[in-house]
Amino acid sequence: MMMVMQPEGLGAREGRFAGGGGGGEYMEQEEDWDRDLLLDPAWEKQQRKTFTAWCNSHLRKAGTQIENIEEDFRNGLKLMLLLEVISGERLPRPDKGKMRFHKIANVNKALDFIASKGVKLVSIGAEEIVDGNLKMTLGMIWTIILRFAIQDISVEETSAKEGLLLWCQRKTAPYRNVNVQNFHTSWKDGLALCALIHRHRPDLIDYAKLRKDDPIGNLNTAFEVAEKYLDIPKMLDAEDIVNTPKPDEKAIMTYVSCFYHAFAGAEQAETAANRICKVLAVNQENEKLMEEYEKLASELLEWIRRTVPWLENRVGEPSMSAMQRKLEDFRDYRRLHKPPRVQEKCQLEINFNTLQTKLRLSHRPAFMPSEGKLVSDIANAWRGLEQVEKGYEDWLLSEIRRLQRLQHLAEKFRQKASLHEAWTRGKEEMLSQRDYDSASLQEVRALLRRHEAFESDLAAHQDRVEHIAALAQELNELDYHEAASVNSRCQAICDQWDNLGTLTQKRRDALERMEKLLETIDQLQLEFARRAAPFNNWLDGAVEDLQDVWLVHSVEETQVRKLVPSRDQTLQEELARQQVNERLRRQFAAQANAIGPWIQAKVEEVGRLAAGLAGSLEEQMAGLRQQEQNIINYKTNIDRLEGDHQLLQESLVFDNKHTVYSMEHIRVGWEQLLTSIARTINEVENQVLTRDAKGLSQEQLNEFRASFNHFDRKRNGMMEPDDFRACLISMGYDLGEVEFARIMTMVDPNAAGVVTFQAFIDFMTRETAETDTTEQVVASFKILAGDKNYITPEELRRELPAEQAEYCIRRMVPYKGSGAPAGALDYVAFSSALYGESDL
């Protein structure tokens with residue numbers, strides 16, 4: 001805020017010195033004196049002219065003036081008169097004698113008065129002034145100018161030279177070819193002076209017609225207009241300024257300060273505009289933070305809304321490769337897509353806390369997000385996401401295990417079915433043969449023995465067929481994607497098995513009938529057989545030999561011998577795979593057993609830091625930033641562990657007896673750690689905001705922290721309402737239910753059921769902050785409106801920067817009072833709405 005102070009007494013006592021010759025006892029004629037001829041360098045010449053004109057601009061109010069600055073102040077009379085005019089105060093009565101000691105006494109009275117105003121006069125003595133020392137006299141007048149014309153200039157808490165320079169820069173900022181950086185070369189072309197005049201009195205100068213290459217013309221225009229219309233005497237010569245490489249800074253400052261005081265009336269409107277701009281800037285920044293919060297919350301909630309259905313989709317894939325692609329997609333989600341959202345959620349909470357702090361510090365109403373976008377809503381949505389995510393991961397792993405078992409069962413089914421089918425190949429044709437039609441009794445008996453052996457073999461295969469059917473049943477129960485093919489093959493095996501049983505029984509019956517028939521024939525041929533005994537003996541031996549060959553089962557025995565090495569190789573391969581899996585388990589466990597405790601220790605350490613921060617806030621912030629960097633640097637260990645976890649999942653290893661830490665535990669802990677350090681840093685940042693806004697000392701903050709920590713029973717950085725009540729009672733508050741309920745609405749506007757440290761500080765310092773109020777903003781608008789109860793868009797655009805003017809015009813409602821022109825706006829309702837006292 002720019003504060004304009006006119007030196008007390010400028011023009012206030014003009015009436016004292018009016019009438020007659022004026023000046024009374026101060027106006028006696030001074031005696032002539034011969035002064036030394038001095039060499040006048042450029043700066044001395046400019047100061048002499050400027051300071052003389054400045055003194056006369058005040059002395060003329062008392063009806064007098066000076067002609068020669070080093071002579072006319074020698075007796076101290078006009079010097080005392082000048083000080084009375086510009087200060088509005090009485091000085092001691094002057095000595096009326098004309099002796100040197102009288103003159104020295106009068107000058108000393110003037111110098112004593114200057115010193116009484118807090119001005120140190122270094123190397124300036126009454127004797128030098130009485131003796132007409134030009135440089136000392138100029139130095140004394142410059143001291144007076146600084147104290148009474150420049151010192152009280154204050155623009156946004158800068159003062160004197162800096163304040164005057166800032167005022168000039170702001171006033172001339174919109175003008176082409178003007179760049180005020182100092183009080184010497186920036187004024188040589190005259191455009192800065194013309195711009196100052198045009199800014200306040202555009203009717204006096206046509207700035208558009210001025211040329212930068214006509215500095216003398218520009219300067220003379222400014223001097224003439226200022227003298228004629230603004231009552232600012234000509235204090236400088238255009239030629240001296242233009243022809244001097246570096247014009248005298250004191251002369252320029254003195255002249256420019258006259259413009260400042262001449263336009264002091266207009267500064268009231270600028271002060272009002274500055275106040276309004278500051279208030280609007282606060283609101284615009286807060287609204288920007290609100291919009292960012294709403295946007296970030298909407299995006300995060302929309303992402304959760306899109307992600308949850310994907311995680312809820314538990315439709316399995318038929319093949320292991322397809323399910324592994326789902327697992328890879330889920331892994332990408334956890335590694336690539338979710339981490340930025342975790343940061344967004346954390347940033348959202350930080351933005352919300354910072355915004356609420358700024359609103360409380362500026363006495364604005366608490367921010368209430370749109371429906372469904374409270375921090376608690378987002379936290380609930382996030383918890384729902386993580387629950388669905390955990391369920392999805394469990395389902396994925398369960399489904400992969402199911403497919404893994406299905407794959408194993410299906411392979412086992414295929415192997416057993418293939419072996420069975422190989423065994424049955426040709427059996428139906430064999431059983432359907434009628435080789436017994438032409439066989440002898442012995443051959444039939446041999447066929448019967450072979451058939452009995454086959455029946456034994458067939459009975460032995462019954463268990464295999466039942467096992468195959470059981471495997472098919474289990475595959476059906478586990479919803480195998482190729483169940484139809486399995487069922488078809490199993491049905492074919494069962495049908496074939498039934499057919500084999502039927503054919504076996506038919507062949508046995510046929511062989512037994514043939515045996516009986518041949519036995520009858522044999523009886524008939526017995527006689528013949530006795531006669532042909534040698535031949536029959538030979539024939540029987542041959543039959544027995546043939547029968548021995550058929551009972552060997554050499555084909556099956558040969559196949560078993562071939563399968564033994566193959567089975568041994570499979571077992572060796574499985575052993576190697578399990579050894580690799582065990583190595584992966586141990587490798588993951590070694591890292592997890594180090595990372596898990598580290599994360600837990602860091603979480604506890606950050607918790608202790610949050611509860612017991614010591615030192616200045618800046619030192620705390622530096623320590624927390626270092627902790628944050630250490631945590632960030634540790635991320636490479638998490639990434640390596642993720643890589644090992646991926647190898648385990650790709651190897652379908654889901655159990656690990658070597659560690660109690662799963663990847664899920666590590667991820668959750670890591671996210672908790674990042675969130676915890678970010679929240680703690682944000683808390684300190686908000687404490688800095690509070691400290692700077694409310695002027696709290698470090699000792700006060702430490703005292704607040706100690707009280708808060710004592711009643712933070714759960715050590716989680718929040719007090720329960722009952723603990724907060726106990727804390728207030730311990731600090732001397734006499735609380736009834738109604739009063740405590742009112743306080744809770746202030747410290748817990750979102751009804752979260754807890755009181756944070758920041759809210760506690762805000763409550764404890766609520767009444768100490770110096771901040772703008774609705775009444776001050778209304779008063780400022782009233783100034784801009786020319787004391788009217790309404791303001792027009794044109795007035796807003798004229799008095800405020802374009803952005804702030806349009807901001808007001810968009811949000812102000814039409815003025816409903818009588819006598820207002822069309823388009824008039826209600827600034828009172830607007831000001832109330834800024835502080836939440838009404839709704840726009």
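Leaving aside neighbours within four places in sequence, threonine 143 is in contact with Ile114, Val119, Leu121 and Ile124, where contact means heavy atoms within 4.5 Å. Threonine 143 is found in helix H6, residues 134–150, and counts as buried because its relative accessibility is 15%; buried means under 20% relative accessible area, exposed over 50% and partly exposed in between, with a 1.4 Å probe and protein chains only. The structure is a predicted model, in which local features need pLDDT of at least 70 and side-chain atom pairs count only at pLDDT 80 or more, while totals for chains, interfaces and linings use all residues. Residues are numbered from 1 along each chain as its sequence is written, and side-chain values use heavy atoms, with hydrogens and water left out.

**The chain as a whole**

The protein chain comes to 32 helices and 5 strands, which are DSSP runs numbered from the N terminus (helices are H or I with at least four residues, strands E with at least two). Of the 840 residues in the protein chain, buried ones make up 46%. Among the contacts with a separation of 6 or more, 74% are accounted for by residues 24 or more positions apart.

**Nonpolar cores**

In soluble globular proteins, nonpolar side chains tend to be buried together. A nonpolar core is here a set of buried Ala, Val, Leu, Ile, Met, Phe, Trp, Tyr and Cys residues joined through side-chain atoms within 4.5 Å. The largest such core has 79 residues, of which Trp54, Ile144 and Trp187 touch the most other members, and the largest share of this core, 10 residues, comes from H6. Apart from it lies another core of 53 residues, with Leu296, Phe330, Ala410 and Ala417 among them. Tryptophan 187 has contacts beyond four places in sequence that include Cys168, Leu196, Leu219 and Val256.

**Aromatic rings and charges**

Rings of Phe, Tyr and Trp (its six-membered ring) pair if their centres lie within 6.5 Å, and planes under 30 degrees apart count as stacked, over 60 as edge-to-face and the rest as tilted. By this rule the count comes to 29 aromatic pairs, and two of them are set out below.

| Pair | Centres apart | Angle of planes | Kind |
|---|---|---|---|
| Tyrosine 293 and phenylalanine 352 | 5.5 Å | 45 degrees | tilted |
| Phenylalanine 724 and phenylalanine 760 | 6.5 Å | 85 degrees | edge-to-face |

Tyrosine 293 lies in helix H12 (residues 264–312) and phenylalanine 352 in helix H13 (residues 320–361), so the pair ties together parts that are 59 residues apart in sequence; both tyrosine 293 and phenylalanine 352 are buried. Phenylalanine 724 counts as buried at 0% relative accessibility, and phenylalanine 760 likewise counts as buried at 0%. One aromatic cluster is formed by Trp303, Trp310, Phe330, Tyr333, Trp382, Tyr392 and Trp395.

A charge sits over a ring if NZ of Lys or CZ of Arg is within 6 Å of the ring centre and within 35 degrees of the ring normal. Arginine 147 lies over the face of phenylalanine 148, at 5.1 Å from the ring centre, and arginine 725 over that of phenylalanine 740, at 4.2 Å.

**A buried glutamine**

Glutamine 627 has its place in helix H22, residues 617–633, and counts as buried at 13% relative accessibility. Its side chain makes a polar contact with the side chain of glutamate 605, at 2.6 Å; such a contact is a pair of N or O atoms within 3.5 Å, where within protein one must be able to donate a hydrogen and the other to accept it, and residues adjacent in sequence count only if both atoms are side-chain atoms.
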